Amino acid sequence: MKVIEGIRPIKEGIRINDNNQYAEAEGFVHRVRDMGKFSFIVLRTSRNLIQCVVDSEKCEIAKTGVGNGINEGDCVRITGIKVIEPRAEGGFEIHANKIEKLSQAYAQPPVNITKHKIDSSLDVLLENRPVTLRHPKERAIFKIQEGIVRAFREFLHEHDFTEIHTPKTTSAGAEGGANIFKLDYFGQSACLAQSPQLYKQTMVGVFGRVFEVGPVFRAEKHNTTRHLNEYISLDVEMGFINGMEDLMNLEVLMLRHIIQSLKENYSKELDMLKAELPDIGNVPVYKFKEAKELLAKEYNRKIGGNGDLDPEEEVLLCRYAKEKHDSEFIFITHFPSSRRPFYAMDDADDPGFALSFDLLFRGLEITTGGQRIHDYNAQVEKMQRMGLDPSEFKHYLLIHKHGMPPHGGFGLGLERLEMQLLGFNNIRYASLFPRDVKRIAP
Ligand code: ATP
Ligand code: MG
């Protein structure tokens with residue numbers, strides 16, 4: 001038996017030899033253009049499109065007829081000479097000596113993925129997702145998504161946070177409300193996690209600072225352009241805070257790092273999608289009450305409502321932040337306590353309001369966060385006040401009983417952040433395989 005020594009190095013689907021003269025690229029035949037004596041093959045590697053020139057007299061497989069033998073969708077490995085060509089993507093092309101055909105495609109793509117842009121409806125795009133994701137612009141969206149998560153992790157690791165993985169099948173929903181997916185768990189009623197909230201707090205009692213990147217399930221019954229039924233939540237929870245401002249500062253610094261890292265490492269994809277990244281300076285902060293007054297004064301909105309901001313108000317507040325503070329972000333803090341969950345800490349100076357915040361970006365809520373109750377008696381008392389039975393939270397309350405630092409955190413919706421960064425009018429564009437009321441496949 002042969003001992004495996006390592007994986008052959010490759011970068012973005014291509015190996016280049018030491019003296020920068022030969023290249024070996026592997027990928028999918030994206031496009032073939034037969035020019036008679038020679039042909040062009042555009043190879044789609046893991047991140048790039050590479051132009052390969054195939055001279056039928058010089059290339060090994062060419063003898064069997066490149067035009068006929070190699071077709072769009074086939075998987076090939078092409079070896080040849082690396083030649084500078086400013087007009088080609090990446091500034092070079094490969095003059096092929098050898099083409100290995102590794103597999104064959106049997107059908108034409110249902111939509112043309114070689115055009116500049118896929119020009120079909122969202123429905124067709126999603127219905128054919130396994131193929132449409134191969135379009136360079138479609139996959140760029142998810143390369144950027146990788147970049148966001150990577151920078152998120154990087155930033156938090158640097159700041160002493162530990163990455164955790166909490167269960168997604170649970171006995172009770174963390175957030176309450178109607179949007180819980182119920183589950184039959186071997187005869188016992190259970191649900192899919194609406195948020196890692198209670199577990200991430202539990203882990204603050206272990207590591208002090210934690211974060212998680214994981215799916216969150218919400219049975220949102222209405223099909224909106226900003227809700228998915230399964231999304232990725234970037235969750236942070238931090239112990240030993242002096243107040244919720246620590247959390248807001250952390251989030252701003254984190255977002256700055258994400259934007260910087262995208263600029264440095266994903267400019268190719270950002271250009272392809274014509275993304276306009278925001279500058280994140282000082283983010284204005286308004287209390288919920290002030291925000292409502294401001295909406296009434298500036299935009300004639302009725303004060304009242306349900307103790308939350310509606311989508312139109314989110315848009316108006318962002319417009320205000322842009323005009324008044326030149327910021328594409330705005331924090332709204334101190335939401336009515338009655339609208340926030342049982343673990344939210346109330347403001348000691350104004351007990352009707354919770355120490356919680358939302359971050360709005362370009363007209364949409366992307367984050368909710370806040371300080372949590374850490375004192376055992378205070379938590380039990382709030383549960384009782386809200387008509388909850390503390391004995392149903394016996395595992396959760398162990399953390400308070402055995403000592404918890406002042407702490408808090410936030411949840412950032414990955415697809416929401418991305419849809420706003422890239423200017424999509426529908427969150428589904430920012431999800432690989434979106435789940436909504438009507439769609440659970442592919
Ligand atoms: P909204 O009021 O916009 O429905 P929410 O306040 O119910 O959202 P939270 O419980 O505060 O949502 O969740 C934290 C973050 O997770 C939100 O700020 C958002 O970025 C994201 N999020 C929440 N629900 C969804 C969803 N159904 N699809 C995609 N992202 C979501
Ligand atoms: Mg919220």
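Guide: Let's start with a definition: buried means under 20% relative accessible area, exposed means over 50%, and partly exposed is in between, using a 1.4 Å probe and protein chains only. This is a predicted model, where local features need pLDDT of at least 70, side-chain atom pairs count only at pLDDT 80 or more, and totals for chains, interfaces and linings use all residues. Residues are numbered from 1 along each chain as its sequence is written, chains are lettered from A and ligands numbered from 1 in written order, and side-chain values use heavy atoms, with hydrogens and water left out.

Visitor: Why is Thr368 called partly exposed?

Guide: Its relative accessibility is 32%. That value falls between the 20% and 50% limits, so partly exposed is the label.

Visitor: And what makes Thr170 buried?

Guide: Thr170 has a relative accessible area of 9%, and that is under 20%, so it counts as buried.

Visitor: Which residues does Thr170 touch?

Guide: Leaving aside residues up to four places away in sequence, Thr170 touches Ala190, Cys191, Leu192, Ala193 and Tyr199. Contact here means heavy atoms within 4.5 Å.

Visitor: What makes β8 and β10 a pair?

Guide: Two strands pair if DSSP finds at least two bridges between them. Two bridges join β8 to β10 (residues 188–192), so they qualify, and they run antiparallel. Thr169 has Leu192 of β10 as its bridge partner. A strand is a DSSP run of E of at least two residues, and a helix a run of H or I of at least four, both numbered from the N terminus. Thr170 sits in strand β8 (residues 169–170).

Visitor: How many bridges join β9 to β10?

Guide: Four, and the strands run antiparallel. Lys182 is opposite Cys191 in β10.

Visitor: What makes Glu365 and Thr368 donors of the magnesium ion?

Guide: Donors are N, O and S atoms within 2.8 Å of the metal (3.2 Å for Na, K and Ca); water is not among the atoms, so sites may look incomplete. Glu365 (OE) and Thr368 (OG1) lie 2.2 to 2.3 Å from the magnesium ion (ligand 2), so they count.

Visitor: Why do β7 and β13 stand at the edges of their sheet?

Guide: Eight strands form that open, mixed sheet, in the order β7-β11-β12-β19-β18-β17-β14-β13. β7 (162–163) and β13 (285–287) each have a single partner strand, so one side of each has no neighbour in the sheet.
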